[in-house]
There are 2 protein chains.
Amino acid sequence: MSDIIVQKYGGTSVGSPEKIKNVAARIKTYHDRKLPVVVVVSAMGHTTDELIELAEKVNPNASKREMDMLLSTGEQISVSLLAMALEAINIPAQSFTGSQAKIFTDGNFSNAKISMIDRSRIDESLGKGRVVIVAGFQGIDKDENITTLGRGGSDTSAVAIAAALGAKECEIYTDVDGVYTADPNKVQGAKKHNQITYEEMLELASLGAGVLHSRSVELAMNYGVVIHVRSSFNQNPGTLVLSEEKLMEKIKVSGVTIKSEEARVTIPDVPDKPGIAADLFGKLSKSDIIVDVIVQSSPSQGRNTISFTIPRKAVGAAKSILEKFVSAHSTGKLDIDEHIAIVSAVGVGMKSHVGVAADMFQALADKSINIEMITTSEIKISCVIKEDQAKIALQAIHTAFGL
Amino acid sequence: MSDIIVQKYGGTSVGSPEKIKNVAARIKTYHDRKLPVVVVVSAMGHTTDELIELAEKVNPNASKREMDMLLSTGEQISVSLLAMALEAINIPAQSFTGSQAKIFTDGNFSNAKISMIDRSRIDESLGKGRVVIVAGFQGIDKDENITTLGRGGSDTSAVAIAAALGAKECEIYTDVDGVYTADPNKVQGAKKHNQITYEEMLELASLGAGVLHSRSVELAMNYGVVIHVRSSFNQNPGTLVLSEEKLMEKIKVSGVTIKSEEARVTIPDVPDKPGIAADLFGKLSKSDIIVDVIVQSSPSQGRNTISFTIPRKAVGAAKSILEKFVSAHSTGKLDIDEHIAIVSAVGVGMKSHVGVAADMFQALADKSINIEMITTSEIKISCVIKEDQAKIALQAIHTAFGL
């Protein structure tokens, strides 16, 4: 472990020349303390969206290779501007594309995985006392094609660089103060965590808490890199994302989230035999329909009921697949409810604290909220409820766990 | 010599999604004839200017390395979009940055010289039947830093690639039909050349005829690449720029140009001894003042008069240098005329046709235009005249040589 500081600034943090100068001033405070600093930067504000719009005017079905070539310019612009902003306050700095920083990936354009980082070029520049600024979100494959890591991939770039450099911590700067017990815009009294585990963060990220890119959390977990999520607009400490062993105190429930714009599908009376579920979900997957919660009740008289949720906007595309499946396998009637939401409580403490599920169900019952589906994992409990009750449910669960 | 087609499209030719599609359609006609095509592209329209403006908001004195990093994104955007436009009409295409196309340069940021092109990557892509699209204006130095070739450098990229690939011809697409005998906006009856020599083109380019980047012409001359200057907005043949040996007919005067916004400086009574001129022009050069025409009369009684032209906007910066020089060396008075223009006639035929200079002076005399300075080279005659007579002078010379 070295004392190298790795920081990542998101698109909102570098959204204008003025904000870029603010980021430079923040970096200066580290450089002044003689700390080696490596900074990963996303594209400015809406640059990526604008480039996508431009591409769509030329070819709405452009190849992923060419899209990556195009989109990677967004980060190249922001790294050079940030280097200039540092030069302007007399901090030596050097910007690097993913290719120059030797971030190697597989050839899976638009969703590439980092395979290796050769730290030699970064070390050389740090050795000359420079702040190293690396374009996030991008790398190169073995044929030197430019690849991108998918939306939010700059988080992954930053954690991968922190891992490659043996940095203790990776600071992820964003426009919120850290990770909260619930969305502060939706739940009164939502509080910021000082610490949270990788596992909890993963559950929260996939539930749409939306602070960190899931892959970056997995990577940090694999390499033991502590992620520090904090705001680039103030000096407050944020939330540390770390391993369970490093966690000071295990709290029962660390976060409550809600996922709306979902639909529930129920197919009754399906024969209980192997291959039925695989057939159904295989077909949905082939049509790029993302299934979230899946529940199958215990068979009764050789027949099952399968329920699951899909994004509401996918209902149209799913319908013909579902209808074919029902007419082939079920004697019952397809039931789709397009107005549901999924509320979830997440916490590593659940593993050692009993009664969390019961407390959650009681909190919902106290507000007369009917639970349509339930799924549980070791550190998560999710309930499907009516969408119009979602906000009350969220607040009730949040209060019940004393968050 | 191979049958590879090398084409370069300038910023106006790819200035919008619609224009990019037009370029793709033009490339298709070559691809359909089974010809291997390599296309060099500039940044879209005003992209480069917009990026410079953005940089200036962050740091008005940004390092050249970071400026090159920033500006090179302009071409990267246009090559990827052009590749997408070709994909849209089912032409396989692949875009490359200067780095990916292995265009190696020296490390002279913002004005780098191409040192070598390794054609392997281009050949590989051509071998797969793809149209190869290369970002103009850029390369990499030995440390993989991105470099740019200076304004208009995409012409140089295209000619260098044509030379590296042994292409017979390099088509430079622009927004004019070719090289004219004079600026058609200024001279009635200006005609397009079918052919012109490298030497004439060089004289015309440095005189501000502004169609081709001078360095690209020098490179073409060195490697015997024929440049075909033509419009991307029609199918007309343009102007071939080639060696004197290949020229079908040597015409006396091939072009007449005018350079305005210039100032004339005259320093009388300078001692005729070694080092005086070197001292003066060395100091001006160190202040980045570009001196064009220089005339020094034969010494009389050990004293000289030195006259030269500088851009009018440089007069302010030049004045203190000139005043110091005059008080140190001259007993005369510094004379600056800020309202002059330089008219020039260019043609390889001058070498074999006598009387060209006399005809030019007569044409000016017939219009009562006084000539303040004269310089001649083997293929060029330049006269400094009053700026308000420039337009009449241009037309008179153009007519006198029957252009």
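Predicted model: local features only at pLDDT ≥ 70, side-chain atom pairs only at ≥ 80, totals over all residues.
Q: What percentage of the residues in chain A is buried?
A: Among contacts in chain A between residues at least 6 apart in sequence, 75% join residues at least 24 apart. A residue is counted as buried if 20 or more other C-beta atoms lie within 10 Å of its own. By that criterion, the buried part of the 403 residues in chain A is 48%.

Q: Which helix gives the most to the side of domain 1 of chain A that touches domain 2 of chain A?
A: Chain A is divided into domain 1, residues 5-244, and domain 2, residues 256-400, and the C-alpha centres of the two domains lie 34 Å apart. In the contact, 16 residues of domain 1 of chain A meet 14 residues of domain 2 of chain A. By class, the side of domain 1 that touches domain 2 has six nonpolar, five polar and five charged residues. With four residues, the helix that gives the most to this side of domain 1 is α6 (residues 198-206) of chain A.

Q: Which strands stand at the edges of the eight-stranded open sheet of chain A?
A: The sheet runs in the order β3-β6-β2-β1-β9-β11-β12-β10 of chain A, and its pairing is mixed. Two strands of chain A each have a single partner strand, so one side of each is left without a neighbour in the sheet; these are β3 (93-96) and β10 (195-197).

Q: Which residue in β11(A) is the bridge partner of A:E171?
A: Strand β9 (residues 169-174) and strand β11 (residues 226-231) of chain A run parallel and are joined by six bridges. Helix α5 (residues 153-165) of chain A lies across both of these strands as well as β1, β2 and β6 of chain A, running at about 175 degrees to β1(A). Within β11(A), the bridge partner of A:E171 is A:H228.

Q: Which residue in β18(A) stands opposite A:A345?
A: Strands β16 (residues 335-346) and β18 (residues 380-386) of chain A run antiparallel and are joined by seven bridges. The residue in β18(A) that stands opposite A:A345 is A:I381.

Q: Is A:E144 buried, partly exposed or exposed?
A: A:E144 lies in the loop between β7 (138-140) and β8 (146-148) of chain A, and this residue has a positive phi of about 65 degrees although it is not a glycine. Because A:E144 has 14 other C-beta atoms within 10 Å, it is classed as partly exposed.

Q: Which residue just after α11(B) takes a positive phi?
A: In helix α11 (residues 390-400) of chain B, the buried residues are B:A390, B:A393, B:L394, B:A396, B:I397 and B:H398. What covers them includes β13, β16, α10 and β18 of chain B. Just after this helix, a positive phi of about 60 degrees is taken by B:G402.

Q: Which helix supplies the largest share of the side of chain B that touches chain A?
A: The contact takes 27 residues from chain B and 27 residues from chain A, and those of chain B divide into 14 nonpolar, eight polar and five charged. Helices α1 (17-32), α2 (47-58) and α3 (64-88) of chain B each supply at least two residues of this side. The largest share, 13 residues, comes from α3(B).

Definitions and conventions
Residues numbered from 1 in each chain as written. Chains lettered and ligands numbered in written order. Domains from an automatic or database assignment. Contact = placed C-beta atoms within 7 Å. Nonpolar A, V, L, I, M, F, W, Y, C, P; charged D, E, K, R; others polar. Pairing = 2+ DSSP bridges. Buried ≥ 20, exposed ≤ 12 C-beta atoms within 10 Å, placed from the backbone. Axes fitted to C-alpha atoms, helices over the stretch in contact; angles between N-to-C directions.
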